[in-house]
Amino acid sequence: MSTPSNSEEFYKKLKSQLLDTTLWPSEYLYKFIVISDKEKLNKIASIFNHLGAVIENRESKNGKYTSVSINVRMKNPDAVIEKYKEVAEKVEGVISL
């Protein structure tokens, strides 16, 4: 996802896959990797605040990176994609898996 057109293509494909494979509303598992920085981790958590999300952080062996898993009930694929975009916009250097 190096250019905006590539990311839009990615999201379009993701939406299609989510529509084909899931009955909505449904539980969705987000996974992110970010440099271990409390501020960045708090930003990610705040984006999913008030959604009843279960958030689990796991530091890498050397502590440089943190894996963030977020399990949350989403109403449709558009809502899933909206959160991916919000995290990418607000948290610098985040990797979405």
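**A charge over a ring**

I started with lysine 83: its charged end sits over the ring of phenylalanine 48, 5.9 Å from the ring centre. The rule I used asks for NZ of Lys or CZ of Arg within 6 Å of the ring centre and within 35 degrees of the ring normal.

**Ground rules**

This is a predicted model, where local features need pLDDT of at least 70, side-chain atom pairs count only at pLDDT 80 or more, and totals for chains, interfaces and linings use all residues. Residues are numbered from 1 along each chain as its sequence is written, and side-chain values use heavy atoms, with hydrogens and water left out.

**Aromatic pairs**

I describe a pair of aromatic rings by the distance of the centres and the angle of the planes. Rings of Phe, Tyr and Trp (its six-membered ring) pair if their centres lie within 6.5 Å; planes under 30 degrees apart are stacked, over 60 edge-to-face, and the rest tilted. By this rule I get 8 aromatic pairs.

I looked at tyrosine 28 and tyrosine 84. Their ring centres are 6.1 Å apart and the planes stand at 85°, so I log the pair as edge-to-face. Tyrosine 28 is in strand E1 (residues 26-35) and tyrosine 84 in helix H3 (residues 77-90), so the pair ties together parts 56 residues apart in sequence. Helices (H or I, at least four residues) and strands (E, at least two) are DSSP runs, numbered from the N terminus.

Next came phenylalanine 32 and phenylalanine 48. The centres are 6.4 Å apart and the planes at 50°, so this pair is tilted. Phenylalanine 32 lies in E1 and phenylalanine 48 in the loop between helix H2 (38-47) and strand E2 (54-59), so the pair ties together parts 16 residues apart in sequence. Phenylalanine 32 is buried at 0% relative accessibility, and phenylalanine 48 is buried at 2%. Tyr28, Tyr30, Phe32, Phe48 and Tyr84 form one aromatic cluster.

**Serine 69**

I found serine 69 in strand E3 (residues 65-74). Serine 69 is buried, at 15% relative accessibility. Leaving aside neighbours within four places in sequence, serine 69 is in contact (heavy atoms within 4.5 Å) with Leu29, Tyr30, Lys31, Val54, Ile55 and Glu56.

The peptide bond from tryptophan 24 to proline 25 is cis, with omega near 0°. Histidine 50 has a positive phi of about 70° although it is not a glycine. Histidine 50 is exposed, at 75% relative accessible area.

Notes
Buried means under 20% relative accessible area, exposed over 50%, partly exposed in between (1.4 Å probe, protein chains only).
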